[in-house]
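The following exercises ask for a stepwise reading of a predicted model. Each task is followed by its solution.

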Amino acid sequence: MSFELVYTSARRGLKEGASGFCTVAATDGIPRPLHEKLESLSGYSHTEAATGAEPPVNHSHLTIRIQRNFYHVVSRIGDAGIDYTGRTNKIAHHLALSEAEAAGFPQGPAALFADYGFWHTDWDGEPEAIPPGRIPSSYVEPVEGFGTWAEVFGDAGWAGVLGHAVANGLKPVSIIVPNPDDTMKMLHEALLLVSPRDRWKVCFSTYFSRLAPGTQCHWRFVLDGTTEARKLRARSLGLLVDPRGSTGEPPDGNPFVEAARDDEPNRVHSVARSTSRRGDAASGRADRGGNMSRTPRSGHRRPTQSRHPSSPGARRPSIRDLEYVEEYDDKDAHQGRPRRRKPRKNAKILVVIALLMLAIVVLGFFAMQ
Amino acid sequence: MNDLAIQAQITCPHCWHRFPPAETLWASAHPRLYGDARLGSDVQRRFLPTRFDAGGNAIDSQGSFCSEVCCPKCHLVIPRTMFELKCIFYSILGSPGSGKSHMLATTTWQMRQAMGQRFKLSISDADPDSNRQLNEHEEKLFFNEHPDQLATIPKTEKEGELYQPVSFGDETIWYPRPFVFVVQPLANHPQIEKRDEISRSICLYDNAGEHFLPGGESSISPATQHLTISRGLLFLFDPTQHARFREACKADSQDPQIQGTGRSHRQDQILHEAANRIRTHAGLAQQQKYSKPLIIVITKMDAWAPTLWPEWKDIQDPIKDSRQQLAGLDTTLIEDISGRMREIMAKLAPEFVNAAEGFADRVTYIPVSALGRGPEEDPNSGMLGVRPSEVKPIWAEVPLLYMLSQTSTGLIPSLVRRSRE
């Protein structure tokens with residue numbers, strides 16, 4: 001069963017007493033953990049980097065696991081003008097689909113955004129419970145070639161980098177774009193290089209700011225001029241497509257790059273390796289192959305230097321006409337309750353050793369008897 | 001090499017977990033070592049080091065030198081000053097739209113001006129990246145390239161940049177991002193020889209107002225648990241959200257927040273909610289009073305004071321120079337004005353005064369105007385904003401300075417008036 005959730009700033013929310021940023025609509029019977037998770041995915045960053053252009057909209061597809069249930073979350077998050085307090089507002093509309101429901105849309109998640117009548121772009125009504133079973137229509141926007149990539153970056157081959165990353169184990173790719181208006185077209189064009197049966201495996205965000213733990217995002221469109229773009233240019237932990245910010249070209253000879261340049265995307269559908277191999281969540285490099293366990297401890301412990309904190313009731317300074325209040329010593333974070341001293345670890349070990357020795361002595365005594 | 005003195009126990013400013021320095025994790029630096037179980041695949045892996053360089057920095061398994069230290073529970077980066085200096089936590093709370101973000105931006109800006117010149121203290125960002133959003137707000141109001149255009153500070157989001165997600169198994173907890181500052185005496189401070197003793201890290205939080213509404217805290221968003229460990233609370237009371245205040249001021253005020261359709265929040269209920277959370281997490285009995293300072297910051301003074309307190313225009317600066325070439329805070333003046341404010345509050349919002357004084361032992365009422373004037377409505381967008389060239393805060397820094405003077409030794413002295421003999 002699919003679930004929807006609409007989150008924005010309103011005078012009244014769906015939950016009793018809620019106002020401000022809150023859920024204003026949700027499918028009747030939505031499980032609470034899913035409700036909370038979808039709310040937590042509703043972040044939006046108002047940016048001045050898009051001054052002059054329309055505010056960016058984040059169209060995203062992520063996958064999440066809530067208890068034993070796996071969901072595909074298709075979301076539209078965007079600016080929503082001003083709220084009832086005269087301040088900035090956003091609106092996040094999420095649709096959570098099960099695997100079985102997602103299979104009913106063979107064109108992939110991006111096709112769901114074409115149903116403009118389904119997605120809320122503002123909210124001025126009363127909070128409401130959404131009846132179950134509401135699903136958008138799926139429609140593939142007609143896309144001709146990779147013209148947008150060629151126009152934005154000067155080389156259609158850059159789209160091939162994304163397709164290749166999917167085929168090569170779903171490696172994450174960040175793309176720094178100059179203008180938020182082109183990202184949806186770029187997304188649709190790049191998806192041409194992904195076999196239709198693999199499109200639901202690709203997680204993307206058209207206005208990416210950060211990754212929530214427990215989620216993956218393989219294609220991250222980042223707006224130039226934002227903090228995220230600056231951080232990526234300083235250090236990118238995965239693949240980075242940034243022709244405007246650096247010199248470089250797509251790798252020649254790469255079948256996906258060539259397919260994009262030649263406008264023959266079907267050529268590479270059979271090239272794609274199985275993406276069922278689920279790499280490590282941190283994997284961005286094929287040679288990593290590591291695990292995420294902590295470095296095992298050795299016997300060495302870093303020597304610590306500590307000093308006793310300054311005692312309460314510090315000496316009054318000898319400055320005339322100025323006085324300082326005595327500082328409240330709040331080592332005890334639990335006010336009103338006497339602090340229970342935690343026995344030191346060493347003391348515990350000493351007690352155990354002493355008991356063992358005593359037991360040995362007693363047994364020895366009886367043995368001698 | 002100088003010995004580096006570190007605290008015996010560290011309190012993480014993100015998740016408030018207390019731990020000894022020996023349990024500190026480090027963030028690896030080598031590009032191959034990314035992916036952390038708590039923070040996701042986009043960050044460097046955290047580890048407990050076994051090798052260190054001569055400077056005491058950890059060396060990761062790939063041989064790179066590391067510099068970032070992290071909490072063993074939430075794995076978020078902790079500013080190093082938290083290890084070296086005693087840390088004071090303060091909480092700022094209030095209803096949505098009460099002015100917390102503006103107040104915080106003007107407070108920190110005003111303190112940066114006052115601390116160095118008047119108190120001979122330096123105040124700096126412990127972690128500029130962590131304080132970035134606050135710094136951006138300060139720039140919008142005080143360093144704007146277009147000071148005559150309307151500037152706005154975005155509404156604080158519960159899931160935005162001011163919160164950091166941490167994964168614990170299947171669950172993701174969103175912790176509020178702390179703003180951490182270092183306050184220490186300058187070279188010409190009279191007590192410079194006690195620099196190590198009196199220097200402090202100060203940690204503030206700018207929670208979204210929705211967190212303080214009843215039911216606003218969930219298991220995955222314990223965003224207000226810092227209330228329990230805070231050395232004091234600053235509650236922002238917004239008279240423009242109180243029906244009786246608005247009614248009393250309507251005839252004389254052109255402020256859109258007074259004249260508008262009016263949005264009201266039961267701010268006494270928000271204080272009750274905060275009190276309940278503090279009692280629950282701190283284990284306080286119901287009849288036990290909160291013993292730390294509670295400062296009620298009565299915001300937007302420019303909107304209500306012309307009607308209710310005409311003397312506001314002549315309000316004195318409570319920061320005064322002493323004979324020792326060092327400024328002190330005139331706490332007598334502040335407490336006198338607090339008494340006057342209490343009279344106004346008791347008349348128009350008695351339920352709130354009851355809530356405050358029923359909860360805390362020490363309640364002080366301090367009026368503030370973060371911007372010095374009311375907002376303007378942008379004719380195109382309808383958004384409320386202010387022109388940076390017209391921003392003139394009044395008493396914006398006073399609540400935090402007063403709190404520091406009451407809760408910390410050696411930083412902000414109180415001025416003692418001595419009669420001439």
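**Exercise 1.** Identify which residue of β12(B) is the bridge partner of P165(B), and describe the hairpin of β11(B) and β12(B).

*Solution.* Step 1: the bridge partner of P165(B) in β12(B) is W174(B). Step 2: β11(B) and β12(B) (residues 171-176) are antiparallel and pair over six bridges; strands are DSSP runs (E, at least two residues) numbered from the N terminus, and pairing requires at least two DSSP bridges between them. Step 3: two residues lie between the strands of this hairpin, where G169(B) has a positive phi near 65 degrees. Step 4: β11(B) (residues 163-168) is largely enclosed by the rest of the structure, because five of its six residues are buried (under 20% relative accessible area, 1.4 Å probe, protein chains only).

**Exercise 2.** Characterise the interface between domain 1 and domain 2 of chain A.

*Solution.* Step 1: an automatic or database assignment sets the domain bounds, giving domain 1 (1-140) and domain 2 (142-275) of chain A. Step 2: the contact (heavy atoms within 4.5 Å) takes 32 residues from domain 1 and 27 residues from domain 2. Step 3: about 2100 Å² is buried between these domains, 65% of it from carbon and sulfur atoms; this is the accessible area (1.4 Å probe) lost on putting both parts together, summed over both. Step 4: on the side of domain 1 that touches domain 2, β3(A) gives the most, with eight residues.

**Conventions.** Residues are numbered from 1 along each chain as its sequence is written, and chains are lettered from A in the order written. Local features need pLDDT of at least 70, and side-chain values use heavy atoms, without hydrogens and water.

Key. Predicted model: local features only at pLDDT ≥ 70, side-chain atom pairs only at ≥ 80, totals over all residues. Buried < 20%, exposed > 50% of the residue type's maximum accessible area, 1.4 Å probe, protein only. Helix = DSSP H or I, 4+ residues; strand = E, 2+ residues; numbered from the N terminus. Buried area = accessible area lost by both parts, 1.4 Å probe.
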